[in-house]
Amino acid sequence: MMFLVGQGQRVVAIGPTEQRHCPKCGTQTAFEPRLSYRFGQFDLLFGFVYDERYQLACTQCNHGWLLDTRETERSLGRHPIPFRLRHGAWILAVVVAALAAGAMTLHRLP
């Protein structure tokens, strides 16, 4: 039996761009609200997020500012991280517990 274990990082646009002055570029450029997160993954189904940042970043140089997490999540309505990555570790724990309980039950039968 083979299990795949890995990690990754994703950047997801979470809203429309807005024009602002970028101190690094020195010009008026588009800034995009983004969610940047890192995750671990087990067998491509069960994951967990271990670093999550909301930011307003320049589309040219990626310079920007961090956004307040609670306020940003409240304004989004729907969470942009997939369910299997947000809650995958809990789902894996429930599956393992159910399998263990089933094995114990079968082992105790005469």
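The residues lining the largest pocket divide into five nonpolar, two polar and three charged. Here Ala, Val, Leu, Ile, Met, Phe, Trp, Tyr, Cys and Pro count as nonpolar, Asp, Glu, Lys and Arg as charged, and the others, Gly among them, as polar. The model is predicted: local features need pLDDT of at least 70, side-chain atom pairs count only at pLDDT 80 or more, and totals for chains, interfaces and linings use all residues. Residues are numbered from 1 along each chain as its sequence is written, and side-chain values use heavy atoms, with hydrogens and water left out.

The lining consists of Ile-14, Glu-18, Pro-33, Leu-56, Leu-67, Asp-68, Glu-71, Thr-72, Ser-75 and Leu-76. Helix H1 (residues 69-76) supplies the largest share, four residues. About 170 Å³ of space lies inside this pocket. A pocket is an open set of points on a 1 Å grid over the protein atoms alone, where a 1.4 Å probe fits, with protein on both sides within 12 Å along at least five of seven lines; lining residues have an atom within 4 Å of a point. Grid points are joined across faces, edges and corners, and the volume is the space filled by probe spheres set on the points.

The protein chain holds three helices and five strands. Helices (H or I, at least four residues) and strands (E, at least two) are DSSP runs, numbered from the N terminus. Their order from the N terminus is β-β-β-β-β-α-α-α. The C-alpha trace spans about 80 × 30 × 15 Å along its principal axes. The radius of gyration is 20 Å, whereas a compact globule of 110 residues would have one near 13 Å. This radius is taken over C-alpha atoms, and the globule rule is 2.2 Å times the number of residues to the power 0.38.

The protein chain exposes about 7900 Å², and carbon and sulfur atoms supply 59% of that area. Accessible areas come from the Shrake-Rupley method with a 1.4 Å probe; for residues, only the protein chains shown count as cover. Of the 110 residues, 23% count as buried. Buried means under 20% relative accessible area, exposed over 50%, and partly exposed in between (1.4 Å probe, protein chains only). Among contacts between residues at least 6 apart in sequence, 54% join residues at least 24 apart. A contact means heavy atoms within 4.5 Å.

Gly-40 lies in strand S3. Gly-40 counts as buried because its relative accessible area is 3%. Beyond four places in sequence, Gly-40 is in contact with Gly-6, Gln-7, Phe-46, Gly-47, Phe-48, Tyr-50 and Leu-85. Gly-40 and Cys-25 are 15 residues apart in sequence, and their C-alpha atoms are 34 Å apart. Gln-55 belongs to strand S4 (residues 46-58). Its relative accessibility is 17%, so Gln-55 is also buried. With neighbours within four places set aside, the contacts of Gln-55 include Glu-32, Pro-33, Trp-65 and Leu-67.

Two loop residues complete the account. Thr-27 sits in the loop between strand S2 (18-21) and strand S3 (28-42). Thr-27 is partly exposed because its relative accessibility is 39%. Not counting residues up to four places away, Thr-27 touches Arg-20, His-21 and Cys-22. Asn-62 lies in the loop between S4 and strand S5 (64-66). Asn-62 is not a glycine, yet has a positive phi of about 70°.
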